[in-house]
Amino acid sequence: MWNGLVRCFSAARLSRDGVRALQKAGGFVKHRPEARPCPAQWERRQQQTLAAAPLPQTTGLSIRQVHALEEERLVQVEWEDGSHSLYPLVWLRDNCQCPLCMLHSAKARSLLLSQLDINTGVDQVLLTEPTKVSIVWPDQHTSEYEADWLKKRCFSPEARRAQREELFLNKRVYWGSELQIPTVSFEEVLHDDKAALDWLTALREVGIVYLKGAPVKQGQVARLSQRIGYLRLTFYGHTWQVQDKVGANNVAYTSGKLSLHTDYPALHHPPGVQFLHCLSQAHQGGESEVVDGFHMANRLHRENPEAFHTLSSLRVDFTDTGADYCDFAVQSKNCIIDVDCDGQVVRINYNNATRDSILDLPLEQVQPFYSSLKAYVDLMCQPENVVTYKMEPGDLVTFDNWRLLHGRKSYVSHRDNVRHLEGAYLDWDEVMSRLRILRKAVRGEA
């Protein structure tokens, strides 16, 4: 039933229990019967996007020997397997674990930076037992470090990459129209930690997860948010009702077609995750559309690097004005494609409806900007890149608003069958916090 997407996860040999549990339980289901996944293509994508060095095993580690490299201001640790790790003296002193330097009840540093000698030397470095390093500093302050604590914080490129992936789950499963949307039970997510972990892991990696079986009444997006923490309040309220409205203050509150977009680029920090719960569906039309914006941005980078550079370097204006939860007049400047210091795509900011007529660009950059944006939008709108689905009452979709662009086909409402979705936002900080806590609860991780 879920062989296409499951095979691709298996081919990548994911180590995350949440995704595997969804596979075993049949959680990745074919939401659209007409979907035709291409396993070979999926396997290639996963090998390219999910490869990450595993975190080193830190339980029960032993140290063979340790000594100071005083000229380099480093401590070298030789592990029982013959490998080595290097630790700067200033970092070791800054991260002394004693009660004078750490408030352990808060897991927070109490040593002040003004008290830190950034050019410190070392008096003695001792291996007091196979799993413990002791350092005596020039002022005779003593610090002790456990082997597993040190190993987890190794400065090697491989260890740092593995740690980033473990903490932030930055690798992505890219997809096009062949996607089978991961699907889980609404009630199981609410009441079972493992189901909730499966949901959030898939949300982070795939970008979209379907929850089935929610009660057909308002308030369910708020109930689901309590599984994580709290909702993001915006000018449209903690929750908002997507339906036809007289004098609509947002194009979503009409029955017309909504082009592919991310929500709220008019904010400098748009919401990271969106919930939409179907309470009533239109008799005709109203199908939802989603596109993997990261995947499309990476394709644009390969196929049209000049357009990618333009969209990731020029900040353009967005606006949103009106009244809802309160009156508002929002302005922002955002790049259409946000990249990090390594050039990796981290957020898409695009909503054609709220892109301002003010375009604060030099005259000679206006035409290149439009050409670049058109190239990106045309790529996203190609049928092989768009997933189309129709929500039914009780369906609740959760997706990454920084990554996915979503849209909706026009629809016809009848008096006795008015289309009605309830929506809400959360931020990725809250979602990732809950994911880490659930991972610890389910897998017993520190």
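User: In this predicted model, between which strands is the loop that holds Y264 found?
Analyst: Y264 has a positive phi of about 65 degrees although it is not a glycine. Most residues other than glycine have a negative phi. In this predicted model, the loop in which Y264 is found runs between β12 (258–261) and β13 (273–280).

User: Is Y264 buried or exposed, and what is its relative accessible area?
Analyst: Y264 belongs to a cluster, linked by ring pairs, that also includes F235, Y236 and W240. The cut-off for a buried residue is under 20% relative accessible area, and therefore Y264 counts as buried, with a relative accessible area of 7%.

User: K107 also has a positive phi although it is not a glycine; is K107 buried or exposed?
Analyst: The phi of K107 is about 50 degrees, and K107 is found in the loop between β4 (102–103) and β5 (108–109). Exposed means over 50% relative accessible area, so K107, at 73% relative accessibility, counts as exposed.

User: How many residues apart in sequence are the parts that the aromatic pair of W240 and Y425 ties together?
Analyst: The structure has 14 aromatic pairs, and one of them, formed by W240 and Y425, is tilted, with 4.8 Å centre to centre and 45 degrees between the planes. W240 lies in strand β11 (residues 239–242) and Y425 in strand β24 (residues 420–426), so the parts that this pair ties together are apart in sequence by 185 residues.

User: Are W240 and Y425 buried or exposed?
Analyst: Both W240 and Y425 belong to a cluster linked by ring pairs, which also includes Y253 and F328. As for their accessibility, W240 and Y425 are buried.

User: What is the relative accessible area of K132, which forms a salt bridge with E146?
Analyst: In the salt bridge of K132 and E146, the closest N and O atoms are 3.6 Å apart. The pair links distant parts of the chain, 14 residues apart, since K132 is in strand β7 (residues 132–136) and E146 in strand β8 (residues 142–146). E146 is partly exposed at 37%, whereas K132 is buried, and its relative accessible area is 18%.

User: By about how many helical turns are E303 and R299 separated?
Analyst: The side chains of E303 and R299 meet in a salt bridge with an N to O distance of 3.1 Å, and R299 is buried, with a relative accessible area of 17%. Because E303 and R299 are four residues apart in helix α10 (residues 293–303), their separation is about one helical turn.

User: Which residues form a positive surface patch together with R161?
Analyst: R161 lies in helix α6 (residues 157–168). Patches are made of residues with over 30% relative accessible area and no salt bridge, and R161 is partly exposed, with a relative accessible area of 43%. The residues that form the positive surface patch together with R161 are R160, R164 and K171.

Notes: Residues numbered from 1 in each chain as written. Predicted model: local features only at pLDDT ≥ 70, side-chain atom pairs only at ≥ 80, totals over all residues. Heavy atoms only, no water. Patch = residues over 30% accessible without salt bridge, like charges linked within 9 Å, V, L, I, M, F, W, Y side chains within 5 Å. Areas by Shrake-Rupley, 256 points an atom, 1.4 Å probe, with all protein chains shown as cover. Salt bridge = Lys/Arg side-chain N within 4 Å of Asp/Glu carboxyl O. Lys, Arg positive; Asp, Glu negative; His and termini not counted. Charge placed at Lys NZ, Arg CZ, Asp CG, Glu CD. Helix = DSSP H or I, 4+ residues; strand = E, 2+ residues; numbered from the N terminus. Buried < 20%, exposed > 50% of the residue type's maximum accessible area, 1.4 Å probe, protein only. Phe/Tyr/Trp six-rings, centres within 6.5 Å; stacked < 30°, edge-to-face > 60°.
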